[in-house]
Amino acid sequence: MYSFTMKEGNITVLGQETEFSGMIEFTDNLVITGKFDGTIKASGNLKIDKNGVCNVSSMSADSILIAGAVTGNVTAASKVELCSGSKITGDITTARLRIDDNVNFHGQVTMLEASPDVDLFSVTAAEYKQACAARNAE
């Protein structure tokens, strides 16, 4: 089993029967147990439950736990946890990464040594990647 602590505040759950397309922005905690297509921008924590399926152009949050299926690039300022049985297709950028046994992961990992001097939510993904690369090159 996995351990993941949600930060204090509200927890919103997209239920197992929920299918949602679009953009989600949040500051507290979100748990996806259904299906989501689109973009996620958050300063809170995100959990993709074992039944959750996400097809994203990008997914960013403070901490991300994936127990279900994610297709798309994932960025977490603090940490990413990939749980046993999860399936991830896409690149991961994070400061800390934990991968359990029996994870199906196809992509590249970029480790952040420290947060770049760029506000993640005010720049494009390409600009953020450049800032991360520049920071890691120092």
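Is Cys-83 buried or exposed? In this predicted model, Cys-83 is buried, with a relative accessible area of 1%. Cys-54 likewise counts as buried, because its relative accessibility is 0%, and burial is assigned under 20% relative accessible area. A disulfide is a covalent bond between the sulfur atoms of two cysteines. With a cut-off of 2.5 Å between cysteine sulfur atoms, the count of disulfides in the model is zero.

The secondary structure gives the setting for these residues. The chain contains eleven strands and one helix. Among contacts in the chain with a separation of 6 or more, 12% join residues 24 or more positions apart.

The interior may be considered next. Of the 138 residues in the chain, 40% count as buried. The largest nonpolar core comprises 23 residues, and within this core Ile-32, Leu-46, Met-59 and Ile-64 have the most contacts. Two or more core residues are contributed by each of β2 (19–26), β3 (29–32), β4 (35–42), β5 (45–48), β6 (53–66) and β7 (69–82). Strand β6 supplies the largest share of this core, namely six residues.

The accessible surface of the chain amounts to about 7300 Å². Carbon and sulfur atoms account for 47% of that accessible surface.

Note on methods:
Residues are numbered from 1 along each chain as its sequence is written. This is a predicted model: local features need pLDDT of at least 70, side-chain atom pairs count only at pLDDT 80 or more; totals for chains, interfaces and linings use all residues. Side-chain values use heavy atoms; hydrogens and water are left out. Buried means under 20% relative accessible area, exposed over 50%, partly exposed in between (1.4 Å probe, protein chains only). Helices (H or I, at least four residues) and strands (E, at least two) are DSSP runs, numbered from the N terminus. Contact means heavy atoms within 4.5 Å. Accessible areas come from the Shrake-Rupley method with a 1.4 Å probe; for residues, only the protein chains shown count as cover. A nonpolar core is a set of buried Ala, Val, Leu, Ile, Met, Phe, Trp, Tyr and Cys residues joined through side-chain atoms within 4.5 Å.
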